[in-house]
Amino acid sequence: MVDAFRNMLDELMGKERDVPLGKRQNKPLEFDDPAVCKYELVALCPNRLFRNTKSDLGSCGFTIHDDHLEWPNVKEQWDKLPQRDKDRHTYERDLIRYMEQLIRDMDAKIRKNKERAEAESRPKVLKVDDQRRVDEIKMRQAELVARAAQLGEEGDVDGALEVTKQAEAVGRQHDTLYKQLTEPERTMTVCDICGVFINSTDNDQRRLTPGELKAREDHLTGKQYLGWKKIRETYADIMKARDERMRGGPAEAEPRRRSSSRDYREREREGGREREREREPERERVRERGSSRDYRGRDERDYRGSRDRDYHDRDRRDRHGGGRDYDRERERSPRRGSSGRDYRR
């Protein structure tokens, strides 16, 4: 009790309420102070919704909420932050996870309570004696129906109508007795928002008794119903806002991506041109070396071809004995190519 009272004073007057004015630090409260409730900054603190109810979640781990003297300044600091900075602090994600867990637990409780309400709202099973009474009335009704049919065949119309009325009265008696014996003591329903049992003998609001209407109104204005309704609505609103931001994010980032792509392509083209300019002198040197090698190669091939021709000419003159006969034969023979390789072919 003392701790609860101390925490309440801390929330209302601050932790330095007992410190002399001259020794107080007078430091303004920041939104990221460990004592500030981060759930309350984003939307709401679930722990403060169900005090003194069956859904009480216990005390909040934070001590400073919206009833603190400096809360307006703290809330203004948070609201002015860009969304990117808010996402970095993860306060919203923490609240979403907390509410998701609370909603899952409540939905499980609602399913369990509905099973119990359905079981308690089923018709009661007839006892042996009660079943015998119901069967006797049913048999009497059947006998009257058969008697009315017989009178009708005999032509006694008035008698048949009279017996038919008696049979209908016995049928109503049967239905009334059967309902009284099988009707459950109470018909229970379960609230789909907070899981509370609602007792009613008739769900049609026009047929509810004044006491039942009062109980229904008290439920809809109670802490549990309003608190769980607020949690569910807040969760839906936060998730909708996050989805809208996610859908809007890519559209806003698309121009930046296109601009970055253009800049990248420009840098690549510029770098390619620079590399080409750097390689040009090297290509010139390669072409010069290639031209020099080609020139030396042609000279060497011509020299070798001439030397081979002279060698073969001397060889043939030696075989033919030299002289004018060889010269005439050489003039008559077709001229071969300039290289020794062609001559051999």
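Is R48 buried, partly exposed or exposed? R48 counts as partly exposed, at 22% relative accessibility; buried means under 20% relative accessible area, exposed over 50%, and partly exposed in between, with a 1.4 Å probe and protein chains only. This is a predicted model, in which local features need pLDDT of at least 70 and side-chain atom pairs count only at pLDDT 80 or more, while totals for chains, interfaces and linings use all residues. Residues are numbered from 1 along each chain as its sequence is written, and side-chain values use heavy atoms, with hydrogens and water left out.

**Overall build**

- The protein has eleven helices and two strands. Helices (H or I, at least four residues) and strands (E, at least two) are DSSP runs, numbered from the N terminus.
- Read from the N terminus, the order of elements is α-α-α-α-α-α-α-β-β-α-α-α-α.
- Of the 345 residues in the protein, 26% are buried.
- Take the contacts between residues at least 6 apart in sequence: 67% of them join residues at least 24 apart. Contact means heavy atoms within 4.5 Å.

**Salt bridges**

- The count of salt bridges is 14. A salt bridge is a side-chain nitrogen of Lys or Arg within 4 Å of a carboxyl oxygen of Asp or Glu.
- D67 and R48 form one of them, at 3.6 Å from N to O. Both residues sit in the loop between helix 2 (38–42) and helix 3 (71–80), 19 residues apart, and the pair links distant parts of the chain.
- D67 is partly exposed, with a relative accessible area of 33%. R48 is partly exposed too, at 22%.
- K80 pairs with E76, and their closest N and O atoms are 3.0 Å apart. The two residues are four apart in helix 3, so about one helical turn separates them.
- K80 counts as exposed at 62% relative accessibility, whereas E76 is partly exposed at 38%.
- E92 bridges to R245, with the closest N and O atoms 2.9 Å apart. E92 lies in helix 5 (residues 91–120) and R245 in helix 9 (residues 223–320), so this pair ties together parts that are 153 residues apart in sequence.
- E92 is buried, with a relative accessible area of 14%. R245 counts as partly exposed at 30%.
- Salt bridges with shared partners join E40, R48, D66 and D67 into one network.

**Cysteines**

- How many disulfides does the structure hold? The structure holds zero. A disulfide is a pair of cysteine sulfur atoms within 2.5 Å.
- A disulfide is a covalent bond between the sulfur atoms of two cysteines.
- For C37, the closest cysteine sulfur is in C45, at 3.8 Å, which is too far for a bond. C37 is buried, with a relative accessible area of 0%.
- For C191, the closest cysteine sulfur is in C194, at 3.7 Å, again too far for a bond. C191 counts as buried at 8% relative accessibility.

**Backbone points to check in the viewer**

- Where is N52 found? N52 is in the loop between helix 2 and helix 3. Phi of N52 is near 60 degrees, a positive value in a residue other than glycine.
- N52 is exposed, with a relative accessible area of 75%.
- T90 has its place in the loop between helix 4 (83–89) and helix 5. Phi of T90 is near 65 degrees, which is positive in a residue other than glycine.
- T90 counts as partly exposed at 25% relative accessibility.
- Q150 is found in helix 6 (residues 128–154). Q150 is partly exposed, with a relative accessible area of 37%.
- The C-alpha atoms of Q150 and A160 are separated by 7.8 Å, and the two residues are ten apart along the chain.
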